[in-house]
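Trainee: I would like a close look at one part of this model, namely the pairing of oppositely charged side chains. Please take the pairs in turn and say how accessible each partner is.

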Amino acid sequence: MKLNPYFKEEVNRELGEHKILMCYQCGKCSSFCPLFNLEPEKFNPRRIIEMVNIGAEDVLKLDDIWRCTTCYECAENCPQKINFVELIVYLRTKATEKGFAPKLPLQELESVRKEGFSVPLSPRAKKWIENYMVEVKTRG
């Protein structure tokens with residue numbers, strides 16, 4: 001794992017000086033996280049904070065940052081008032097800027113932007129929707 005002290009400084013500057021550094025690794029963020037309780041080997045908020053605090057920029061390449069459901073259980077139960085969701089949003093933004101975002105969600109967003117649905121529609125489905133929408137319009 002490659003460490004980058006500038007990454008740690010950048011995150012702390014963006015989220016508020018020393019905000020993430022206040023974490024003393026008590027693990028309450030993880031213990032209240034519903035995803036951690038379901039699959040602790042796949043998602044651990046405490047580990048993500050630790051990686052940021054040591055300057056492990058590789059955290060941007062992990063699938064873990066995309067698994068957070070942003071439910072705020074971690075933030076509401078942190079004794080140091082660290083907003084983990086704010087950190088996750090920042091890490092996702094940086095990962096996307098650097099080209100590390102998973103391709104599937106980006107493809108789904110593009111599909112929603114173009115067609116209004118997250119998956120491409122078959123010609124049959126498009127025709128059904130066109131017919132249904134015409135039917136709804138004629139009722140009103």
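Mentor: Relative accessible area sorts residues into buried (under 20%), exposed (over 50%) and partly exposed (in between), with a 1.4 Å probe and protein chains only. The model is a predicted one, so that local features need pLDDT of at least 70 and side-chain atom pairs count only at pLDDT 80 or more, while totals for chains, interfaces and linings use all residues. Residues are numbered from 1 along each chain as its sequence is written, and side-chain values use heavy atoms, with hydrogens and water left out.

A search of the whole structure returns ten salt bridges, each being a side-chain nitrogen of Lys or Arg within 4 Å of a carboxyl oxygen of Asp or Glu. One of them joins glutamate 86 to lysine 19, with 3.6 Å from N to O. This pair links distant parts of the chain, since glutamate 86 belongs to helix 7 (residues 84–97) whereas lysine 19 sits in the loop between helix 1 (5–15) and helix 2 (28–32), 67 residues apart; helices here are DSSP runs of H or I with at least four residues, numbered from the N terminus. Glutamate 86 has a relative accessible area of 29% and is therefore partly exposed, and lysine 19, at 30%, also counts as partly exposed.

Another pair brings together the side chains of glutamate 39 and lysine 42, at 3.2 Å from N to O. Glutamate 39 is partly exposed because its relative accessibility is 26%, and lysine 42 is placed in the partly exposed class by its value of 37%.

A further salt bridge runs between aspartate 64 and arginine 47, whose closest N and O atoms are 2.3 Å apart. Here too distant parts of the chain are linked, with aspartate 64 in helix 5 (residues 64–67) and arginine 47 in helix 4 (residues 45–53), 17 residues apart. The two partners fall into separate accessibility classes: aspartate 64, with a relative accessible area of 7%, is buried, whereas arginine 47, at 33%, counts as partly exposed. Beyond the individual pairs, there is a network in which Glu10, Lys94 and Glu97 are joined by salt bridges that share partners.

Definitions and conventions: Helix = DSSP H or I, 4+ residues; strand = E, 2+ residues; numbered from the N terminus.
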